[in-house]
Amino acid sequence: MIAVLKPNASPERVEHLIHWLKEQGLGVHVSQGEFQTVLGLIGNTAKVDMEMIQSLDIVESVTRVSDPFKAVNRQFHPDSSEIQAGSAAIGRGHFALIAGPCSVETEEQIIYVAQQVKAAGAHFLRGGAFKPRTSPYDFQGLGAEGIRLLLEAKKATGLPIVTELMDIRNLDLFEEVDVIQVGARNTQNFDMLKELGKTKKPILLKRGLAGTIKELLMSAEYIMANGNEDVILCERGIRTYESTYTRNTLDLSAIPVLKKLTHLPVVVDPSHATGHADLVEPMAMAAVAAGADGLMIEVHNDPPHALCDGAQSLTPEAFAATAKKLFRIREAMEP
Ligand code: PEP
Ligand code: MN
C-alpha cells in the first residue's frame, strides 16, 4: 500500500503518522521526493483502515500495490534511485561504465587493464576472483588473492571495484570491495540474498540464466526487505533456443520494462549476453539508447590467452573506441 502525502504536510505530523503505522506492525518505507513524500507500507496491510488514512488532512491519496514486489517498486519510490559506491555513482542521471577482465589473473594484468579502462572513461573496475565455471576443471579464479590484487588495482587507479561473491562464508573478504556482484547462477540463492540485505554494500544483481523480469525483481526485493536499499539490476542475457551465434539472448526490452517498474538503476552486460567480442559494441550502444544506467563490459589485455571468456573480451583499444561512442550516445540523449 502507498500513501502519498500532501506537499505541505508538516514533518511532525508525518513523523506521527509513520509512528502510528509502525505500531500497526507495518514496515514503512519513506521516499522523500522533491515535491512529495510517499510512504510505502509493507506487511499485512489487509487489516489497515485505508479510509481512515485517506481521511487524514496530510494525506493526498492511498492506493494498494498489487505487485508482489514492494520496496523495489517505482510506486514506492517515484524518483529513480542513485547509488553511491566508492567515488562513483550510478542511477538518476549518473551513467556508469564498469569494465575489466572476466577473471583477475595476475597483478600486472589487473593493474594494466585498470589503468587502460580508466583512461578510456570507465567509472568502475570489474574482475572475478571467485568464478562460477560450468566445468570444475576450468580455472576457478584466484579467490582471496584475486580480491587482494583488485584492491591493489583500486589503490593504483582510484577506481571502485565490482567483484562476485559466490559463497556467503567469504563475505569477510569483501570488506573493501565497493560493489558485490551476485552472478546469474546465484540470483535465486535466497539465503545469500537475505544475508546481503543485512550488509551496507551496494549489490549488483544479475538476472538469472532463465530468470523472468519478475523473478529478478523479487530477488532484489529479498535484499531490500532485509535492509539494504542499494541494489543495481543487471540484464546479462537469457537462455533462448539460440546458442549457435550468440551465447545468450540480450533482452533489450527488459531495460524500459525495469525502468518503468522499479526505481533501481539498470545495468546491461553485453559481454555475457552475446559471448562474442564483435557483438559487444553494437549491443552496448543499443542498451545505452534504450535507457540503461550503465554497462558492464569485459576487457582483457590479451583476449586469445585469457583464462576465462576471452572470446567475448574487448582489448583495451577496442574498449576505448566503444566507450567514446557510448558517451556520444548518452550526450545525444540528454534533454
Ligand atoms: C561474470 O560477470 O563474470 C559472470 C560470470 O557473469 P554471469 O553471472 O552473468 O554469467
Ligand atoms: Mn565472464
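**View 1. Helix α10 in the predicted model.** Helix α10 covers residues 316-333 and has 18 residues. From its first C-alpha to its last it reaches 26 Å. That is close to the 26 Å expected at 1.5 Å a residue. The model is predicted.

View 2. P316, F319, T322, A323 and L326 are buried in α10. They sit on the same side of the helix, because they cover an arc of only 115° around the axis. The other side of α10 carries exposed residues: E317, K324, R328, E331 and A332.

**View 3. What covers the buried residues of α10.** The cover includes two helices, α3 and α9 (277-289). It also includes the strands β7 and β14 (294-298).

View 4. C102 lies in the loop between β7 (96-100) and α3 (107-119). H272 belongs to helix α8 (residues 270-274). The pair therefore ties together parts that are 170 residues apart in sequence. C102 is buried, at a relative accessible area of 1%. H272 has 9% relative accessibility and also counts as buried, because the cut-off for buried is under 20%. The elements that flank the C102 loop, β7 and α3, are also among those that cover the buried residues of α10.

How values were computed:
Residues numbered from 1 in each chain as written. Chains lettered and ligands numbered in written order. Predicted model: local features only at pLDDT ≥ 70, side-chain atom pairs only at ≥ 80, totals over all residues. Heavy atoms only, no water. Helix = DSSP H or I, 4+ residues; strand = E, 2+ residues; numbered from the N terminus. Buried < 20%, exposed > 50% of the residue type's maximum accessible area, 1.4 Å probe, protein only. Expected span 1.5 Å × (residues − 1). Arc of directions from axis to C-beta. Contact = heavy atoms within 4.5 Å.
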